[in-house]
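Thanks for coming. Please look at the structure while I talk.

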Amino acid sequence: MKIGMIGLGRMGMNMARRLLLGGHHIVAYNRTPDKTNELVKEGATGAFSLQELVDNLPTPKVVWLMLPAGKPVDDHLEQLRGLLSSGDIIVEGGNSRYRDDIRRVEELKGSGIHYIDAGVSGGIWGLKVGYCTMIGGEEQIFHSLEPILQTLAPKDGYLYCGPTGAGHFVKMIHNGIEYGMMQAYGEGFALLEASPYGRDLDYGRISHLWNQGSVVRSWLLELLEDAFAKDPGLTAITGHIDDSGEGRWTVEEAIDSGVAAPVITMALFQRFQSRQENTFGNRVLAALRHEFGGHAVQKS
């Protein structure tokens, strides 16, 4: 397929690369042209305005957005509404809130432009292993996009989740669960560190050991093994942990729906607390965010 990719950040750039490697034709646009020029060298068609991007796409046009959630997405949608025609497709692949998806579909009503929400997980490793993708919107449009999704995802790595907002909703809960899992690892390694055995334990080898058939094995533990290999005591970073917003939305959803989510809620609050402390457990969480998502860490 030939699609337009808007936003060539950490995720968007590597998603475009994976699609190019899979034989798709990418028309690439980024607010700053350096990233566009970089992708042109790898086989993409460069566009240096939204008009140029749209002009280079066949009908029906498919435009995939990989932008920061909120106003940047709304601003681009407003511009694209004036450039696209009935039957064209916009895929919002960033970390938008599902309620924004529902509002945006209402705003696009009457234009005939289809809107698909895609929750994408894979971080900086997606280029190599694929992107787990959760889709919401019109099911018929989802099926028309499957050649793209099959290339982006690993085997069995994408799913139609339901009507508008369902993809981003499932991704939001996924991120809330991620908060809880990371918090449990952080607390566990903090207990190891504080124990009488802490000075003799090799946390990288323990991470590796627990991935050999134990019930707590996971990709996060693989990443933690890598983090400990680079910095055994995690002394090069602080325990300051940011949150991208999806954990907050998950907690708000728990409150609105009356569903108890104490682990996810506590994990979010722990991130707030981390900005005032520098504990070993928090440094484990900070190291994990850097390993799987390339998120910035504060150097000690």
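Let me start with the helix pair: α4 passes α5 in a right-handed crossing. Keep in mind that this is a predicted model.

Two packed helices are described by the angle between their axes and the distance between the axes. Here, α4 covers residues 71-81 and α5 covers residues 98-108. Their angle is about 20 degrees, and the axes lie 12 Å apart. That angle makes α4 roughly parallel to α5, because angles under 35 degrees count as roughly parallel.

Which residues meet? From α4 they are Val73, Asp74, Leu77 and Arg81. On the α5 side they are Arg103, Arg104, Glu107 and Leu108. Sorted by class, this contact between α4 and α5 has five charged residues, three nonpolar ones and no polar ones.

Now the cysteines. A disulfide is a covalent bond between the sulfur atoms of two cysteines. How many disulfides does a search of the whole structure find? The count is zero.

Take Cys132. The closest cysteine sulfur to its own belongs to Cys161, at 8.7 Å, which is too far for a bond. The cut-off for a disulfide is 2.5 Å between the sulfur atoms. Likewise, Cys161 is in no disulfide, and its nearest cysteine sulfur is that of Cys132.

Conventions. Residues are numbered from 1 along each chain as its sequence is written. This is a predicted model: local features need pLDDT of at least 70, side-chain atom pairs count only at pLDDT 80 or more; totals for chains, interfaces and linings use all residues. Side-chain values use heavy atoms; hydrogens and water are left out. Axes are lines fitted to C-alpha atoms, for helices over the stretch in contact, and angles run from 0 to 180 degrees between N-to-C directions. Helices (H or I, at least four residues) and strands (E, at least two) are DSSP runs, numbered from the N terminus. Angles under 35 degrees count as roughly parallel, over 145 as roughly antiparallel, 65 to 115 as roughly perpendicular and the rest as oblique. A crossing is left-handed if the near helix is turned anticlockwise from the far one by less than a right angle, and right-handed if clockwise. Contact means heavy atoms within 4.5 Å. Ala, Val, Leu, Ile, Met, Phe, Trp, Tyr, Cys and Pro count as nonpolar, Asp, Glu, Lys and Arg as charged, and the others, Gly among them, as polar.
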